[in-house]
Amino acid sequence: MMRRLLLALVLMLLAAPAFAVNPDEVLADPALEARARALSAELRCMVCQNQSIDDSNADLAKDLRLLVRERITDGDSDEAVLNYIVSRYGEFVLLKPRFSMKTGLLWGAPALLVLAGGLSLLVFARRRSGKPTASKLTADEQAKLSELLEK
């Protein structure tokens with residue numbers, strides 16, 4: 001029974017996620033390390049695409065983590081570090097893209113499409129309501145209807 005519990009514990013520990021930040025990357029100053037961790041959580045790994053560089057084990061992610069730490073120790077502000085990396089890799093490197101004139105259409109397109117769809121439905125409904133739904137009966141049809149109703 002004890003062996004089974006030990007085996008289960010070992011298997012659960014093996015399934016735990018591996019942290020990507022290596023001990024040799026960690027800064028000595030805890031405040032600077034916290035800033036570096038916060039910044040690297042905002043940056044996308046260009047290899048993994050849906051992971052931050054803080055979570056990724058890719059070589060490029062490691063290089064970016066080291067670059068972030070280097071810029072922080074050089075005295076750059078958080079915004080300056082992000083601007084430097086965005087200037088090298090583009091806006092795609094940010095997990096949460098900034099709002100700018102370039103991205104304005106991207107951010108506003110869903111709302112514009114919903115508004116355009118609602119407007120077109122409204123116009124279509126108003127045009128449709130003015131039209132008759134059926135045509136008038138011909139003289140032969142009217143005579144047959146009168147004949148059927150009399151019976």
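This is a predicted model: local features need pLDDT of at least 70, side-chain atom pairs count only at pLDDT 80 or more; totals for chains, interfaces and linings use all residues.
With which side chain does the side chain of Arg-88 make a polar contact?

View 1. Arg-88 has its place in helix α4. The side chain of Arg-88 makes a polar contact with the side chain of Tyr-84, at 2.6 Å. With a relative accessible area of 54%, Arg-88 is exposed, because the cut-off for that term is over 50%.

**View 2. Arginine charges over aromatic rings.** The ring of Tyr-84 also has the charged end of Arg-71 sitting over it, 3.8 Å from the ring centre. In a second case, the charged end of Arg-44 sits over the ring of Phe-92, 4.4 Å from its centre. The count of aromatic pairs, in contrast, comes to 0.

**View 3. The largest nonpolar core.** This core has 17 residues, of which Leu-43, Ile-53, Val-68 and Ile-85 touch the most other members. Helices α2 (30-42), α3 (59-73) and α4 (78-89) each supply at least two residues of the core. The largest share, 5 residues, comes from α3. In soluble globular proteins, nonpolar side chains tend to be buried together.

**View 4. The surroundings of Ile-53.** Neighbours within four places in sequence are left aside here. Ile-53 is then in contact with Ser-40, Leu-43, Arg-44, Cys-45, Ala-61, Leu-64, Arg-65 and Val-68.

**View 5. Helix α6.** Helix α6 comprises 12 residues, 139-150. From its first C-alpha to its last, α6 reaches 17 Å, close to the 16 Å expected at 1.5 Å a residue. The number of buried residues in α6 is 0, so this helix lies largely in the open.

Definitions and conventions:
Residues are numbered from 1 along each chain as its sequence is written. Side-chain values use heavy atoms; hydrogens and water are left out. Rings of Phe, Tyr and Trp (its six-membered ring) pair if their centres lie within 6.5 Å; planes under 30 degrees apart count as stacked, over 60 as edge-to-face and the rest as tilted. A charge sits over a ring if NZ of Lys or CZ of Arg is within 6 Å of the ring centre and within 35 degrees of the ring normal. Helices (H or I, at least four residues) and strands (E, at least two) are DSSP runs, numbered from the N terminus. The expected span of a helix is 1.5 Å times one less than its number of residues. Buried means under 20% relative accessible area, exposed over 50%, partly exposed in between (1.4 Å probe, protein chains only). A nonpolar core is a set of buried Ala, Val, Leu, Ile, Met, Phe, Trp, Tyr and Cys residues joined through side-chain atoms within 4.5 Å. Contact means heavy atoms within 4.5 Å. A polar contact is a pair of N or O atoms within 3.5 Å; within protein, one must be able to donate a hydrogen and the other to accept it, and residues adjacent in sequence count only if both atoms are side-chain atoms.
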